[in-house]
Amino acid sequence: MAAFRAPPRKGENFELSADLNSEYKEKRKDAIKRVIANMTVQKDVSGLFPDVLKNMQTDDLEQKKLVYLYLMNYAKTQPELVILAVNTFVKDTDDPNPLVRALAIRTMGCLRAEKIIDYLCDPLQKCLRDENPYVRKTAALCVAKLYDLKPELVIENGFLETLQEMIADSNPMVVANTVAALTDIHIAAAAAGSNTEVFVITSAVLNKLLIALNECSEWGRVAILNALGRYETHDDRESEHICERVVPQFQHANASVVLSAIKVIMIHMRSVRSETLTKQLVRKMAPPLVTLLSNPPEVQWVALRDINLLLQKRPDILSNEMRVFFCKLAGPNNVDALLSELKEYASEVDVDFVRRSIKAIGQTAIKIDEAAERCVNVLMELIGTRVSYVVQEGVVVMKDIFRKYPSTYEGVIPTLCANLDELDEPEAKASLIWIIGEYANKIDNADELLGIFVDSFTEESYPVQLQTLTAVVKLFLRKPDTSQGLVQRILNTATKDCDSPDVRDRAYIYWRLLSTDPGAAKAVVLAHRPPISLPRTTVSPALLEELLGEIPSLASVYHKPEETFVGRGRIGADAIPKGGSELADDRATAQKAFQTVAAGQQAENLLNFDDPTSNDGQQPTGLAATTVLTSTPAATNLLSGTSSNPLDDLVSIFGNTGIGTNAAPPPTPGQPQTHLNAFGGLSFGGQPMSPAPPMTPSVLQAVSPPPQQQQQQGAQDDLLGLF
């Protein structure tokens, strides 16, 4: 008996297609809604394009909106079929209902299909002069979209002149959209290299913008305020007039409007000569800035980034509102209240918050000399709690205070040293080690304290190892009689048992200094260091002025110029085209680098610490091979300065050379090796020490030096033996 088989399923799109062609109006509308729902969740319904298109001609405004939404989404994938909708679009732009007219012209502008553009100009011309302001404001934005697709069409049809006339429109929303469209076109034209000013703001235009400002929606106000920020005033009276008309926008509920208004005030306040008016404007900025902090966290963050810039330009803006911005503002007059608040923060349970509070106390001490002693007293109270993370952050902060006030607060050093057992974080350990090394001559048991870190040297992190090495050398230079064994031990450990090349290199440098010229060692290691200071600004003055003109855009939030992260099809600062001078610098740098490498051919032999052996006719390797490399075309271009891409040429020259292919084999165990030992005996103050350990042979094995170079080698062995 044959098994029964179910008929194959046609699929959801087949059912939708049938419903879209139904004779029942409600069924067709429901099918369109389901198509839009599928489109929203990224299901492919592009195959239904002809069926959806049939439902364009309808009196149901909701259904028309849904069909237009579908067309905007799939116009690029179905360019041949979109042309079928043109007649309906053109017909809708003559519809008695202004909503239908506006919907049609908006959709035509959003389709972005080449075949539609040519049919757009005539309907757009009519809509720009439509009797209904809603249609006119929609058509104004459509001009900007058309300019992005085909700028020549906008210019040929006189749309720019029409937009200029529409700035005088009686409806403020039309004015706002016209300004937004002209601004976009102005930016696009400038990016394309046009020398013509598309959007010129004259005194007459200025007055129209100021009149429309108070009647617009929030985004319309932002567009007009951005245009006002571009306007260049002719005298201080005009600047004062603009500021007075913009100040009421501080009361707006939208954060973007408030920040845009503050931007306009900051720009035009530069030309205001009246000190009284300037102080009034600055004072009026404070309440709206404080109000911004009652917004959700995302808006708060943006506001705080912009407030940071404003304070760098006008530190007195929030001088009376410090309690709202604790941890942010400080001065001689309010430091007591600030310290009281920060001390309270330091007793909270949030570890990160506590650390930031302690760090803020240290920053206050460094920035305000008069408050330093009070800050140190607060820090000592906090360290006295012996809470681990409080003590560790306190030690880090005290290190910076010692760098600012070198000989002022030495009395707290015993307290810091007494908390040595509480420290387990690398930064805190390194800070305390720095303090011990810096004040080794005033700490009786400095050698014992540093000996603890020397004993665990190989187990510590690299920052702690570096700081321990330097501190022990400082101790030796100040107390050579009692610390000779300690410095010998740490130099041996650092050069033989340490994995970090930075630590080993520093140890070799110190060893060389101590063994050859103790006076030079003192001059280098114990050199006078200028006190540290914290900059009151985080950006340069020129960049600050530029960023203040970008509030509240991403540039002001990132504290970076927009060209570093925005480009036409390019993302990132590396994608910005370099100027001619920068390209020339790159070529010069690459050429100089290659010439240096080529010139180092002879010096390479000085790095050969072992008795060289014959290469048996093999190709030389390492830097010794540069005599061969310089004959390549890429090298010739580099040396002559005619290379079109110096970095690629440099890579091509060395890319095929195998440094390790002809390297000397490892030495046989027990076989004597020839090493440089130019250190001699390490001595200081007349006390001999054991000689430095033998140096490891260079990994770059060069060919045998010719006789005329051997004399040069002996003269430079002392210098190169260090490496």
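A residue counts as buried here when its relative accessible area is under 20%, and as exposed when that value is over 50%. With that in hand, helix α7 of this predicted model turns out to be mostly covered, with 10 of its 14 residues buried. The helix runs over residues 98–111 and spans 20 Å from its first C-alpha to its last, close to the 20 Å expected at 1.5 Å a residue. Among the buried positions are Val100, Leu103, Ile105, Met108 and Leu111, and Arg101 and Thr107 are on that list too. What do these residues pack against? Their partners are α4 (61–74), α5 (79–82), α6 (86–92), α8 (114–128) and α9 (133–149).

Both ends of α7 are worth a look. After the helix comes Arg112, with a positive phi near 55°.

Most residues other than glycine have a negative phi, and most peptide bonds are trans. Elsewhere in the chain, Gln42 also has a positive phi, near 70°, and sits in the loop between α2 (25–40) and α3 (49–53). His559 has a positive phi of about 60° and belongs to the loop between α31 and α32 (580–599). Buried or exposed: which is Gln42, and which is His559? Gln42 is exposed because its relative accessible area is 70%, over the 50% cut-off. His559, at 10%, is buried, since that is under 20%.

The peptide bond between Ile551 and Pro552 is cis, with omega about -5°. Pro552 lies in the loop that links α30 (541–548) to α31 (554–558).

Key:
Residues numbered from 1 in each chain as written. Predicted model: local features only at pLDDT ≥ 70, side-chain atom pairs only at ≥ 80, totals over all residues. Heavy atoms only, no water. Helix = DSSP H or I, 4+ residues; strand = E, 2+ residues; numbered from the N terminus. Expected span 1.5 Å × (residues − 1). Buried < 20%, exposed > 50% of the residue type's maximum accessible area, 1.4 Å probe, protein only. Contact = heavy atoms within 4.5 Å.
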